[in-house]
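Reader: I have just opened this entry and would like to understand the words used to describe it. Could you take me through them?

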Amino acid sequence: MANEGTVVLDNLVKTFPGMQKPALDRICATLRPGEMSGLVGPDGAGKTTLIRLITGLLHADAGSVTVEGFDSRTQAEAIHAIIGYMPQKFGLYEDLSVSENLELYADLRAVTGQARQSKFEKLLEFTELKRFTGRLAGKLSGGMKQKLGLACALMGDPKVLLLDEPSVGVDPISRRELWKMVREMLSGGMAVVWSTSYLDEAEKCDSVILLNEGRKLYSGPPNDLLDRVDGRTFQIRDIDDRRRRGVLMDLLRQDGVMDGVIQGKQLRVLLAKDTPVPRLDQGSWHRVAPWFEDAFIDVLGGGPGGYSALAERMAEKPVSDKPVIEAVGLSKQFGDFCAVKDNSFSVRRGEIFGLLGPNGAGKSTTFKMLCGLLQPTEGQAFVAGLDLRTATSLARSHLGYMAQKFSLYSSLNVLQNLRFFSGLYGLGGKRQKQQIDMMVEIFDLQHYLKYNAGELPLGFKQRLALACAVMHEPDVLFLDEPTSGVDPITRREFWLHINGMVEKGVTVMVTTHFMDEAEYCDRIGLIYQGENIATGTPDDLKARVQTEGGQPPTLEDAFIELVRRSELSAAGKTAA
Amino acid sequence: MRQLKALVVKEMLQIMRDPSAIMIAFVLPLILLFIFGYGVNLDSNKVRVGLVLEAQSADTTSLAEAFANSRFFVVSIGKDRRQYQDDLSAGRLRGIIVIPQDFSRKIAQHKRSAAIQVIADGSEPNIAGFVQNYARGVLAVWSQHQSEDEGRSTNAAAIQVAPRFWYNPELKSQNFLLPGSIAIIMTLIGSLLTALVVAREWERGTMEALMATPVSSGQILLGKLIPYFLLGMAAMFLCVVVAMWVYAVPFRGSLLALSIVSAVFLLAALGQGLLISSIAKDQFVAAQLALMSAFLPAFMLSGFIFEISAMPEPIQVLTHLFAARYFVTSLQTLFLTGNVWPLLLLCMAAMALIALVFFLLTSRKTRKRLDA
């Protein structure tokens, strides 16, 4: 039996007390040795629960898990001896040094004698942490923590390696390195489980289990899933730059168009089966290779259409040539740590400007200075022409802010959240009631008014958070990591509203570490270690790193190359 | 064994690098000892009272002098009790002592013992008690002297009350507060600190990583127990040294007895801390639970400050559930009396029983599972 698969999941069901729907519903799958199995799905899909069931740290309500023939319910000890597990947040002791963390896991896994030294050598070599053995784990960068977590998980030469969202929030360079490292482990016959909400990672796995809301949508090689959308994905090129949002929304309203997104200057469209290419008065259609996300959307039955009730109801913002957001040499120093270094940019009316970078790069700090939540150490920030230092509250009344993870009051119900946030933004009396009613109608919240925000399904949480940020019809919208970990349909719906509002002249600023989300922006600033290393349209940035005759680079390729160049020039400066 | 040693070494390194652990184990005890050594004083020296002389005579004047010279009172003398009523209700005075008009007459008659009236502020029962007792004492001494001066040898005078306080002859409250505060400190280390560090492992995801290795849940528990046991004992010795040498609290028991008693109590405190941490998996809840179920009872129900025999019956019964009660008794005995083994053994048996219950519950709750 162990020959077929290292890990066998049989009809797993797990329901947590107090939840209406099971966290996992009748999951069957087989994970094979020497394969990279992607556990793919948005937040709340059940990825972590599934991994914990494999480790035996949770018990299923029904069904069974076996690892190398051991039952996870009755033989958990035997399983613990042969698995390596890196939980979210890497499971490191932050107040122990790199070598102390390794020593601990070596002792726990009884790696002794000669083998111990050679194992340390090998892991430190492999993770390039040799120079940092004395450093506390808490003082490592995100990428290095991730590598140390991996080294600890690999200590006992596991047969099964379980990695729970190892790449979340880490810069693309570290992400690629980690991927390469884990790939190398496979040749020894290890079975690797890599859970992720990044769909581009799913494509590179040997097999995937696609989860959504506790249900398995697909399991098998990723290419087989892509087959179902083969020949239905197109790119539309050569459209008037200023009209591409309008064209997209028109297209999405047509039957047979299942999904569409902005991709720099182009549009990317997924058509339903046997649908002829719709006619457009401009642009040219090119068939392109499908992505995993196309297939995911197809399985889910297509995107939300092209009609934003929110944008329809919004008044057109007055036209103006002046920049709506302006940052002039913004810097922020926390003690001796420089979170943001000399960042300058300006954003026009009706433009989407994105800050792209890994966690800890300084995106949120820049944001907070632009919203008047943090005083810059140096430089100035203007919103709608108002200096945030002197006219903070006036400037704030022109902006809407949606913080990371939605920042709703989870113990207040939907109506109370709407009332509270509208009050914060200075709405009162008749207008407050009118705007709340409008939001409830637009976002279809009637049935949820009495639910606490914490109990809402993820998609409705996202709607409520957006409603709270736009109720006062701001000129400028700040979105901090608005859709990280959210399923693609919810993300489409969100961007539909944003695109619609931008058409009405609202200016939007976004931070993200998602490469595809950055493609929706008109222009992006690449932020790396507090510095804005490049600003331009997504296509500009890609063009900068395009090599003659090479493959067209992705935004991630561009990011990695531009980081490399900026490090080279910084090294050149210090050398000179 | 190797795994357990690795866990203990890891915990020790964390304790040394965590400023809050050092704070609770070594700085807090010093602060507490300082407060209880200097700040809190339950003895009432120099209580302010009003003395009302309703009539002037040789007897009343000499009695008034006796009050004025007492080291317990600061006296202001008046003729009418009404003039002190406002001062009493405003808290400027703690009591009024009235020497009535017929005082001299009754003394002269020898028929009845002469009465004086003591009015005390009942809103502060502790001090009211002092006022009454001190006044009684002054009166007794005074009548003693009167009898001797006059050469009379009455029956009353023949019976002399010579109060002597054993174990704490000066009635210094430091002498029983400082030993008691050791119980507070060890409760903090055993229950609060231990519950917090385990909750922190849950929050940071390290507990989950540990559980997925071949270590057993018993090893994980012992890996916490041993380092914090040692830390608690170290803090205890620090407290004893400071109490004895800085505050000159007598220590009449043996160090061995103290170590054994403390070890037994620490096991109960640690057991409680570990039980809390198996229920509360975030630091906020763990801290709340530890404060409510361990720290506050150790403070209020242990006899450390509030006398248990003065509590209502049901509360007195309740105090038996807390190991701190037995520990405070043992400590006060060891410091002020000596090795009273029958008492100490009884206390240790009770604490050991409580510890056992905690460990049984903990081991039942702690499995290598996230949903149990």
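**Contacts, spread and domains**

Author: Gladly! In chain B, of the contacts between residues at least 6 apart in sequence, 80% join residues at least 24 apart. Please keep in mind that this is a predicted model.

Reader: What makes two residues count as being in contact?

Author: Their C-beta atoms, placed from the backbone, must lie within 7 Å. By that test, the contact takes 24 residues from chain A and 22 residues from chain B.

Reader: Which elements give two or more residues to the side of chain B that touches chain A?

Author: They are helix 1 (2-17) and helix 9 (206-211) of chain B. Helix 1 of chain B supplies the largest share, seven residues. Sorted by class, this side of chain B has nine charged, eight nonpolar and five polar residues.

Reader: How many helices and strands does chain B have?

Author: Chain B has 15 helices and four strands.

Reader: And why is chain B called more spread out than a compact globule?

Author: Set the value against the rule: for 372 residues the globule rule gives 21 Å, while the radius of gyration of chain B is 28 Å, well over that, so chain B is more spread out than a compact globule. Along the principal axes, the C-alpha atoms of chain B fill a box of roughly 90 × 40 × 35 Å.

Reader: How is chain B divided into domains?

Author: The domain assignment gives domain 1 (2-40 + 172-365) and domain 2 (47-158) of chain B. Their C-alpha centres lie 47 Å apart.

Reader: What are the domains of chain A?

Author: Chain A has domain 1 (7-226) and domain 2 (229-307), with C-alpha centres 36 Å apart.

Reader: How do you know that domain 1 of chain A is in contact with domain 2 of chain A?

Author: The test is C-beta atoms within 7 Å, and 10 residues of domain 1 of chain A are in contact with nine residues of domain 2 of chain A. On the domain 1 side, helix 7 (199-203), strand 10 (215-220) and helix 8 (222-227) of chain A each give two or more residues. Helix 7 of chain A gives the largest share, four residues. By class, this side of domain 1 of chain A holds eight nonpolar, two charged and no polar residues.

Key. Residues are numbered from 1 along each chain as its sequence is written. Chains are lettered from A and ligands numbered from 1 in the order in which they are written. This is a predicted model: local features need pLDDT of at least 70, side-chain atom pairs count only at pLDDT 80 or more; totals for chains, interfaces and linings use all residues. Ala, Val, Leu, Ile, Met, Phe, Trp, Tyr, Cys and Pro count as nonpolar, Asp, Glu, Lys and Arg as charged, and the others, Gly among them, as polar. Domain bounds come from an automatic or database domain assignment. The radius of gyration is taken over C-alpha atoms; the globule rule is 2.2 Å times the number of residues to the power 0.38.
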